[in-house]
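Work through the exercises below with the sequence and the coordinates side by side. Each task is followed by its solution.

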Amino acid sequence: MSHTEPVYSVQFSDIHLGENSLNPNAAKGSFLSALDEVGGMAPTPAFVAVTGDLVCCGRRHELEQYADLARASTIPLYAIPANHDQWGEEDDAAWRELVGPSRHVVDKGDLRLLLFQDIHRSPQGGWETSLLPETASWLREKLSEWPRGKAMVGFHAPVLAEAGDWHGN
């Protein structure tokens with residue numbers, strides 16, 4: 001791919017596979033349908049950025065379901081966790097094993113994709129949205145070392161408070 005060719009991408013969020021009070025079969029069907037639609041797009045997207053809440057309750061078997069379904073994609077998927085993805089486990093070991101890292105750097109043509117986790121367990125319990133100092137340093141470094149200038153940055157939570165509060169930000 002030359003540096004002048006456009007890079008096409010797709011973004012998914014809030015898939016909520018697994019145990020939920022909504023309709024787990026509908027969530028699975030919608031995800032598979034979306035993967036199928038993306039796989040048939042022309043021009044073909046270079047990647048799918050999946051920005052959190054892939055599953056509903058964050059249990060290992062839900063993450064296994066996501067990983068199994070994601071393998072059917074003909075387009076690379078890069079996912080980051082949000083609060084729903086980690087509720088059911090005491091740490092992020094299942095996420096790392098089954099889905100991957102909580103940060104991504106993906107270079108496609110003249111575009112750099114940077115994805116990072118922005119929702120973290122609060123020491124007081126619950127969840128908080130923040131750009132941790134080490135993540136801010138990582139972001140500055142990855143943006144400054146990219147000579148081509150075009151970057152797409154993805155994370156889960158809104159930047160500004162919504163309805164007075166959004167995960168503590």
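**Exercise 1. Aromatic pairs**

Count the aromatic pairs and classify the one formed by Phe12 and Phe31.

Step 1. Rings of Phe, Tyr and Trp (its six-membered ring) pair if their centres lie within 6.5 Å; planes under 30 degrees apart are stacked, over 60 edge-to-face, and the rest tilted. The count by this rule is 4 aromatic pairs.

Step 2. The ring centres of Phe12 and Phe31 are 6.2 Å apart and the planes stand at 80 degrees, so this pair is edge-to-face.

Step 3. Phe12 belongs to strand 1 (residues 9–12) and Phe31 to helix 1 (residues 24–39), so the pair ties together parts 19 residues apart in sequence. Helices (H or I, at least four residues) and strands (E, at least two) are DSSP runs, numbered from the N terminus.

Step 4. Phe12 and Phe31 are both buried, where buried means under 20% relative accessible area, exposed over 50%, and partly exposed in between (1.4 Å probe, protein chains only). Together with Tyr66 they form one aromatic cluster.

The model is predicted: local features need pLDDT of at least 70, side-chain atom pairs count only at pLDDT 80 or more, and totals for chains, interfaces and linings use all residues. Residues are numbered from 1 along each chain as its sequence is written, and side-chain values use heavy atoms, with hydrogens and water left out.

**Exercise 2. Cysteines**

Step 1. A disulfide is a pair of cysteine sulfur atoms within 2.5 Å. The count of disulfides is 0.

Step 2. Cys56 is buried at 12% relative accessible area, and Cys57 is buried at 17%.

**Exercise 3. His104**

Locate His104 and describe its surroundings.

Step 1. His104 sits in strand 4 (residues 103–108) and is buried, with 10% relative accessibility.

Step 2. A polar atom of the His104 side chain lies 2.9 Å from the backbone oxygen of Ala79.

Step 3. Beyond its neighbours within four places in sequence, His104 has contacts (heavy atoms within 4.5 Å) with residues including Tyr78, Ala79, Leu114 and Trp138.

**Exercise 4. The whole chain**

State the order of helices and strands and how much of the protein is buried.

Step 1. The protein has 4 helices and 8 strands, in the order β-α-β-α-β-α-β-β-β-β-α-β.

Step 2. Of its 169 residues, 43% are buried.

Notes: Polar contact = N/O pair within 3.5 Å; in protein donor to acceptor, adjacent residues only side chain to side chain.
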